[in-house]
Amino acid sequence: MSAQTEIHAPSPAAPPNGRAGDEAPRIVPVRRTGQWAAAVAVLLLLMGVVVSVVRNDAFQWDVVGRYLTTESVLRGLGLTLWLTGLVMVLGFALGTLLAVFRLSGNPVLQAVSWGYIWLFRSTPILVQLLFWFNIGALYPQILGVNTVNLLSPIAVAVIGLTLHEAAYAAEVVRGGILSVERGQLEAAQSLGLGPWRRLRRIVLPQAMRSIVPPAGNMLIGTLKGTSIVSIIAVQDLLYSVQLVYHRTYEVIPLLLVATLWYAVVTSLLSVGQYYVERHYARGTAGAR
């Protein structure tokens with residue numbers, strides 16, 4: 001008689017505190033009542049603030065709409081954008097040079113760069129502008145040139161803001177250069193590339209991933225910081241609305257006009273910054 005093998009399906013193991021065949025316990029998600037209640041409260045508060053601002057007659061929204069696109073305001077906005085772009089370009093050009101000096105092996109260049117950054121980061125921008133505005137009182141003549149009426153208010157604004165931004169741009173660029181792996185520099189050096197070519201073709205393209213985010217913040221900060229030039233009678237966006245409300249005494253709506261334009265331009269720059277960051281983050285884990 002041939003042997004037969006019987007195969008039995010294994011019986012389910014009995015749970016530790018129950019009988020075999022009992023259903024597995026259901027997983028019940030934790031109720032986050034407090035978080036939802038807080039979210040609803042914040043939304044209600046935000047809606048209340050928005051409604052109060054929109055329905056408050058003291059804001060004079062009709063006046064805001066009337067002056068939002070007037071010629072004087074748009075001219076001031078254009079000067080603000082021009083000043084922001086020029087200062088950023090010149091500031092980062094000088095800042096890149098200062099960063100290279102700071103990282104060089106020459107102790108004199110290192111000291112000069114460090115001293116420049118220390119001086120302009122230690123002095124308020126308003127004080128710097130006032131010094132440049134009164135340069136004729138400090139030095140009536142430089143190399144035989146009369147400096148009393150040499151610099152116009154716009155020239156003072158460009159010089160003062162550029163020198164100020166260069167100090168911060170130098171640290172941003174230096175941080176980006178230091179973020180590049182040392183092996184990249186050694187590989188470029190082994191290929192016989194010169195210092196400036198290594199900087200332009202190898203270092204800076206890789207450093208841009210670290211430079212772009214703080215540079216974007218600096219751009220937005222510079223846009224808003226240009227409003228300080230109104231103190232030296234440069235007719236930027238803020239000074240343009242000030243001229244209007246000094247004549248009409250409609251202070252709040254004119255300040256809202258400037259606020260809205262700053263908010264619009266800042267939002268557009270933030271969107272541009274996002275796409276530039278994504279471009280330079282290609283191939284990395286942080287790319288979105």
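Reader: In this predicted model, what share of the contacts with a separation of 6 or more comes from residues 24 or more positions apart?
Author: The count takes in contacts in the chain whose partners have a separation of 6 or more. Within that set, residues 24 or more positions apart account for 74%.

Reader: How many helices and strands does the chain have, and in what pattern?
Author: The chain holds eleven helices and two strands. Read along the sequence, these elements give the pattern α-α-α-α-α-α-β-β-α-α-α-α-α.

Reader: What percentage of the residues is buried?
Author: A residue counts as buried under 20% relative accessible area. The chain has 288 residues, and the buried part of them is 30%.

Reader: How much of the accessible surface belongs to carbon and sulfur atoms?
Author: The accessible surface of the chain comes to about 18900 Å². The part belonging to carbon and sulfur atoms is 64%.

Reader: Is G176 buried or exposed?
Author: G176 is a residue of helix 7, which spans residues 153–178. The cut-off for buried is under 20% relative accessible area. G176 has 0% relative accessibility, so G176 counts as buried.

Reader: Which residues does G176 touch, leaving out those up to four places away in sequence?
Author: One distance concerns I211, 35 residues from G176 along the chain: their C-alpha atoms are separated by 5.2 Å. With residues up to four places away in sequence left out, G176 touches A207, S210 and I211.

Reader: How many aromatic pairs are found, and of what kind is that of Y116 and F120?
Author: A search of the whole structure finds four aromatic pairs. For Y116 and F120, the ring centres are 4.4 Å apart and the planes stand at 35°. An angle under 30 degrees would count as stacked and one over 60 as edge-to-face, so the pair is tilted.

Reader: Why are Y116 and F120 separated by about one helical turn?
Author: Both residues belong to helix 4, residues 107–122. Y116 is buried at a relative accessible area of 17%, and F120 is buried at 13%. The separation is about one helical turn because the two are four residues apart in helix 4.

Reader: Of what kind is the pair of Y274 and Y275?
Author: The ring centres of Y274 and Y275 are 5.1 Å apart. Their planes stand at 75°, so the pair is edge-to-face.

Technical notes
Residues are numbered from 1 along each chain as its sequence is written. This is a predicted model: local features need pLDDT of at least 70, side-chain atom pairs count only at pLDDT 80 or more; totals for chains, interfaces and linings use all residues. Side-chain values use heavy atoms; hydrogens and water are left out. Buried means under 20% relative accessible area, exposed over 50%, partly exposed in between (1.4 Å probe, protein chains only). Contact means heavy atoms within 4.5 Å. Rings of Phe, Tyr and Trp (its six-membered ring) pair if their centres lie within 6.5 Å; planes under 30 degrees apart count as stacked, over 60 as edge-to-face and the rest as tilted. Accessible areas come from the Shrake-Rupley method with a 1.4 Å probe; for residues, only the protein chains shown count as cover.
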